[in-house]
Amino acid sequence: MTIALHGQATYGPLQGVRIIEFAGIGPAPFAAMMLADAGAEIIRIDRLSQTTSPWQSDAYPDLLNRGRPSVAVDLKHPEGKKLAFRLIQRADGLIEGFRPGVMERLGLGPSVCLDLHRRLVYGRITGWGQDGDLSQRAGHDINYIALSGALGAFGRAGERPLAPLNLVGDFGGGGMMLAFGMLAAIIHASETGTGQVVDAAMVDGASLLMTMIYGMRTQGIWTDQRGTNLLDTGAHFYEVYETSDGKFMAVGALEPQFYKELIRLMGLVEENLPQQMDRESWPRMKVRFTEIFVGKSRAEWEVVFAGSDACVTSVLSMKEALENPHLIHRKTFAEVDGVVQPSPAPRFSATPGSIQRPPSLPGQDANEVLTNWSISEEEIDRLRQTGVIL
């Protein structure tokens, strides 16, 4: 895919939106990445003394930092704080992902910033939220989704809960919720002239993602017994099966017409089988499906199900996903500066987004960024000489 690099125009539906990001790890940079992919102009303010990501290096930059130039600023220095305020006054939004109280201790909390710039949208993301008994406690994705009820629902019957990577707390319940909240509040500010604080807590977001499951539980069609329900591998028609070559096929034939096609292509006689939604039969049907799927290789099953609506697909590794014909056609992955990575999503027909630039190392773009945000070259030199910026 084509990307816009330094000095070129940016594109996307958020062109013209300006955001200041105080660099962190995980969900905050993910939200900023999504907004930058959609055309927002974002400055990442890094710390002077260290990189912000434990997996950041010159050789392997953190892909979550793509699309945003970096300025490294000493925020504890009075001149550094003044610089931050000047940038904030020119921005539509601010993103920070520290524990509650950190920005206040720096003198950059929301009350100060909103007094300075009443249209500002002040986005905050934490695990536990800005208040409550746990607000000052450390935690990670696995902890937030544990308390939300989500983690307890992942896994097979009789086994321990299985963490779904850090997708539900950090990125789905965290970064995406923050990006949504920022956009909603920016629209409101553009219409009313009044900014506000967006409190994005991963425990809240992960709980929200469970809305349908909580609804099914209320209806009595979902139980707290992990691995026995419709969508948690309890059903034989929503499960992963091993093939003869040690690979796997994913089966998701929920609707009756898709289940009928699945049964036909597996070579089973429908009249001799229990009803699809007969829960008591699910365990023994799963055994039967297991025996059938292990009788062919993954490639052989791909031929069997090709072109069908049986809702059966191969389980691909990340390497295999990069080579999948459909994903290649969709340009689901892009190569930027020799690094293959997921492309921006979703797609916009009139204002397509793009990866605006590769990830920047902390502080490497100070002159470019500050000049674009109306800071003179003479002042940039002075700030650098006094140790305020790199």
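This report covers the chain as a whole and then the residue Arg124.

## Basis of the model

The model is predicted: local features need pLDDT of at least 70, side-chain atom pairs count only at pLDDT 80 or more, and totals for chains, interfaces and linings use all residues. Residues are numbered from 1 along each chain as its sequence is written, and side-chain values use heavy atoms, with hydrogens and water left out.

## Overall fold

The chain has 15 helices and 11 strands, which are DSSP runs numbered from the N terminus (helices H or I, at least four residues; strands E, at least two). Along the principal axes, the C-alpha atoms fill a box of roughly 80 × 45 × 40 Å.

Among contacts (heavy atoms within 4.5 Å) with a separation of 6 or more, 69% join residues 24 or more positions apart.

Of the 390 residues, 46% count as buried, meaning under 20% relative accessible area with a 1.4 Å probe, protein chains only.

## Arg124

Arg124 belongs to strand E5 (residues 121–126). Arg124 counts as buried because its relative accessibility is 4%.

Leaving out residues up to four places away in sequence, Arg124 touches residues including Glu96, Met103, Pro110, Leu178 and Asp199. Glu104 is also one of the residues touched, and its side chain makes a polar contact with the side chain of Arg124 at 3.0 Å. A polar contact is a pair of N or O atoms within 3.5 Å; within protein, one must be able to donate a hydrogen and the other to accept it, and residues adjacent in sequence count only if both atoms are side-chain atoms.

Terms used
Buried < 20%, exposed > 50% of the residue type's maximum accessible area, 1.4 Å probe, protein only.
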